Structure formats: structure tokens, C-alpha cells
Amino acid sequence: MAVPFPVSRTILGSAVAAVLLLSACGKKEAPPVAPAPVAAKGPIDLLGPQVGPEIPPLAAQHSQFKCLIDPVNYQLDLGNMGRNAVVSLPKIGAQQIAADALLLDAASAEDASQRIMLAKPEYKRVPPKCEAYALSTRDAKLDQNTALTEYKTVNGGTELAYLYYAVSKAKPAYEVVAQQLFPEYGAEADTFKRQDLLKTIAPAIDGNIKSAEGKRLVMFEFEGKLKHYDAAKKQFPVELERFNIAPSTYVSWRKDRDNAPDTGSYHLTFDMGGRKDLNYEIPDESAARALEGELSQLAAAARSAYAPVAIRAYGQAVKAAEDGGNKVVMVRLVQIDVMDRDTLRQEGRQFKPLFSLNLR
């Protein structure tokens with residue numbers, strides 16, 4: 001026996017109207033097919049472009065882009081990070097080169113901005129502003145055949161300053177360069193004597209720049225620590241004491257006394273190819289054991305927990321440009337030698353590196 005189901009007048013009236021309408025059309029329509037369930041993507045952010053959750057592979061043709069991050073909204077994100085620290089965007093390898101700027105590889109400025117927002121969706125509220133990095137060396141060709149003995153040592157900021165003008169082809173502001181590099185000019189208060197002094201300094205500046213044009217193959221030395229073998233990572237960690245040699249790091253020589261040149265605005269920065277650090281990967285256990293033995297002897301002689309090493313970095317000055325008020329020379333590294341520090345200090349002695357990193 002069927003049990004009657006109570007139906008309201010409103011529902012019944014709607015049903016009758018629907019039947020009459022279908023009859024008037026002469027056909028019945030199939031009920032709509034329920035859409036396939038869609039995975040939840042979280043709340044839609046109406047303040048920025050919509051991007052998918054996955055980061056696409058890097059395009060074959062790419063370059064470097066500098067992206068400015070809004071400093072007000074994200075200063076807590078970047079402000080306390082060390083220079084060149086890989087910030088909270090490891091998936092795309094974005095690196096911090098300023099308190100409000102990241103550097104990364106991308107196919108275009110738009111692609112760079114999109115990749116950052118994919119790696120950190122909250123940046124969509126104030127999308128990063130990206131532009132081609134003036135010092136990118138992706139397309140620079142290296143002279144692979146020159147012997148390392150032909151590389152000229154950069155001993156300080158004065159040589160770096162002249163190298164900047166040689167590589168950039170920028171015309172120097174003689175008064176500024178004289179003030180920076182010639183202490184006697186900065187110490188002279190008499191206006192007319194300064195003018196006379198500048199007449200003799202300007203030709204010297206031009207001559208030094210011309211001389212630097214033939215010294216684009218550069219080498220510089222610095223000190224570091226070779227630490228014991230990390231079996232889990234299969235590498236020997238290298239820590240630096242003075243310079244921080246890593247992609248997009250800025251290195252400069254500071255003024256250390258009153259009568260020294262003021263070269264703090266001249267910087268070296270580095271292209272290391274695909275490398276991110278100087279750590280020496282050595283998966284072969286027998287070779288690792290041999291180097292560990294040398295390291296232990298050096299550490300014991302120095303009465304230290306690590307081996308004090310000297311590092312020679314060889315590279316080619318391929319570009320120069322102003323970046324954020326700094327005059328920067330980009331050096332594309334080709335080889336790094338790590339050796340016993342005491343051996344290097346013995347002049348005239350042939351040295352054999354503990355290991356070398358080929359970055360060509």
C-alpha cells in the first residue's frame with residue numbers, strides 16, 4: 001500500500017509549470033550531467049594573477065632577472081636574510097641580492113614574476129617587478145685556451161676600480177675617481193691647488209684604465225677552511241673567511257685607514273655556471289679517504305678542527321654595470337684551486353692543489 005508523501009502547493013505548482021513548458025517545446029531535455037569533481041585549490045586571490053600550483057620546467061633559452069619584492073609587505077621575509085642566502089624560494093633557486101631583491105633564471109620578466117608567485121603565492125598580492133639583470137653572462141663566451149699563468153692577480157679595490165672602467169667603457173668622472181683613489185687629492189683643501197692636481201691625475205687615471213683593458217683574465221686569492229668529510233652528502237665543506245664566493249655575491253675592498261683609497265663602491269660579483277658553492281663533492285670512498293688524511297694532517301699541524309686553506313679563483317671579467325649605485329664587475333669563474341695555506345705563502349715553491357673545481 002502506497003504511503004502518500006505530502007507536497008506543498010509551491011513545489012507542485014513549479015512541477016506542473018515545468019511539464020507544460022516541456023510539452024510546449026515538443027521535447028524533453030536530459031537532466032544536466034554533474035560536473036567531475038575538481039580538486040580544491042584554496043581560496044581565489046582576486047588581488048593577483050591566477051597561477052597553477054606546479055612550477056614549470058625552466059625554458060631552454062633563459063637569462064637572469066632581478067625582481068623587486070615589495071619591501072613594506074615582505075620586509076620580514078627578506079630583511080633578516082644574509083646576502084646571497086637562498087630565501088624561501090628553493091624550488092626556483094631564487095637568491096637574495098638585496099634587502100628587497102631576488103635574482104633568478106627565467107625565460108622573460110613575466111616568467112620570472114610568475115615563477116616567484118608560484119613558489120610563494122602570497123607574493124601575488126603585490127606581484128614582483130622583474131627586469132633583465134644587467135650583469136647576466138649567460139651568453140658570454142669564455143676564452144677556454146688561455147693558461148692559468150696568464151691570469152692577472154687583483155690585489156685590491158684600486159685595481160678593481162680601473163678594471164670596472166675598462167670593462168664597462170664608461171667615462172670616469174675624474175673629480176670623483178680622484179677623490180676615491182688619490183688620497184693627496186682628497187686631502188687638499190685649496191680649490192686652485194686641487195684643480196692643478198687634477199690636471200696631473202686625470203692622465204694617470206686614463207693610463208691605468210688603458211692598462212686594465214688587457215687584464216680581463218683575473219685571479220684573486222683568499223683564505224678559507226676545509227672541513228672534514230660529510231659522509232651523508234659525500235662532500236668536503238669549504239667555508240670562506242674574507243670573501244664569500246658564490247653566485248651573485250658582491251665582494252669589495254673596504255677602506256682600512258684614513259689615507260687608503262675609498263673603493264667601497266666597486267664590487268666583484270660572480271657567475272659560477274651551475275654551481276651554488278665551493279663544496280667539493282667526491283663520492284669515491286678511496287679518494288675521499290686520501291683527502292681526509294691530508295686534511296687531518298693539516299688540521300693537526302694548525303692545532304685546529306679544520307684545515308686552513310688558501311683559495312685561488314680564476315675568472316674572466318665579462319661585463320660591468322652600475323647596479324643599485326654600486327659599480328660592479330661580473331667575473332665568470334673558470335677554475336678554483338684549494339691548497340694548503342702555508343704552501344701558498346712560500347714564494348717560489350710549486351704547489352699542488354688539494355683539489356680543483358673546474359667551472360668551465
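Which residues does Ile201 touch, not counting residues up to four places away in sequence? Please take me through the surroundings as well.

Reply: Happy to. Keep in mind that this is a predicted model.

Ile201 touches Ala178, Phe182 and Tyr185, once you leave out residues up to four places away in sequence. To find Ile201 itself, look in helix α7, which covers residues 191-212. With a relative accessible area of 3%, Ile201 is buried, because anything under 20% counts that way. Another residue to look at here is Tyr174: it sits 27 residues from Ile201 along the chain, yet the C-alpha atoms of the two are 8.2 Å apart.

Now widen the view to the helices. Helix α5 takes in residues 174-181, and its axis and that of α7 come within 10 Å, crossing at roughly 90°. The two helices are therefore roughly perpendicular to each other. On the α5 side, the contact is made by Tyr174, Glu175, Val177, Ala178 and Gln179. On the α7 side, you'll find Arg194, Leu198, Ile201, Ala202, Ile205 and Asp206. So Ile201 and its neighbour Ala178 both turn up in this helix contact, because Ile201 is listed for α7 and Ala178 for α5.

Tyr185, which Ile201 touches, has Arg194 lying over the face of its ring, at 4.2 Å from the ring centre. And Arg194 is itself one of the α7 residues in the contact with α5.

Tyr165 is worth a stop of its own. Tyr165 and Tyr164 form an edge-to-face aromatic pair, with 5.1 Å centre to centre and 80° between the planes. Tyr164 counts as buried at 3% relative accessibility, and Tyr165 counts as buried at 6%. Tyr165 also pairs edge-to-face with Tyr266, this time at 6.1 Å centre to centre and 65° between the planes. Tyr165 belongs to helix α4 (residues 157-168) and Tyr266 to strand β9 (residues 266-271), so this pair ties together parts that lie 101 residues apart in sequence. Like Tyr165, Tyr266 is buried. Ring pairs link Tyr164, Tyr165 and Tyr266 into a cluster.

Conventions:
Residues numbered from 1 in each chain as written. Predicted model: local features only at pLDDT ≥ 70, side-chain atom pairs only at ≥ 80, totals over all residues. Heavy atoms only, no water. Phe/Tyr/Trp six-rings, centres within 6.5 Å; stacked < 30°, edge-to-face > 60°. Buried < 20%, exposed > 50% of the residue type's maximum accessible area, 1.4 Å probe, protein only. Helix = DSSP H or I, 4+ residues; strand = E, 2+ residues; numbered from the N terminus. Lys NZ or Arg CZ within 6 Å of the ring centre and 35° of its normal. Contact = heavy atoms within 4.5 Å. Axes fitted to C-alpha atoms, helices over the stretch in contact; angles between N-to-C directions. Parallel < 35°, antiparallel > 145°, perpendicular 65-115°, else oblique.
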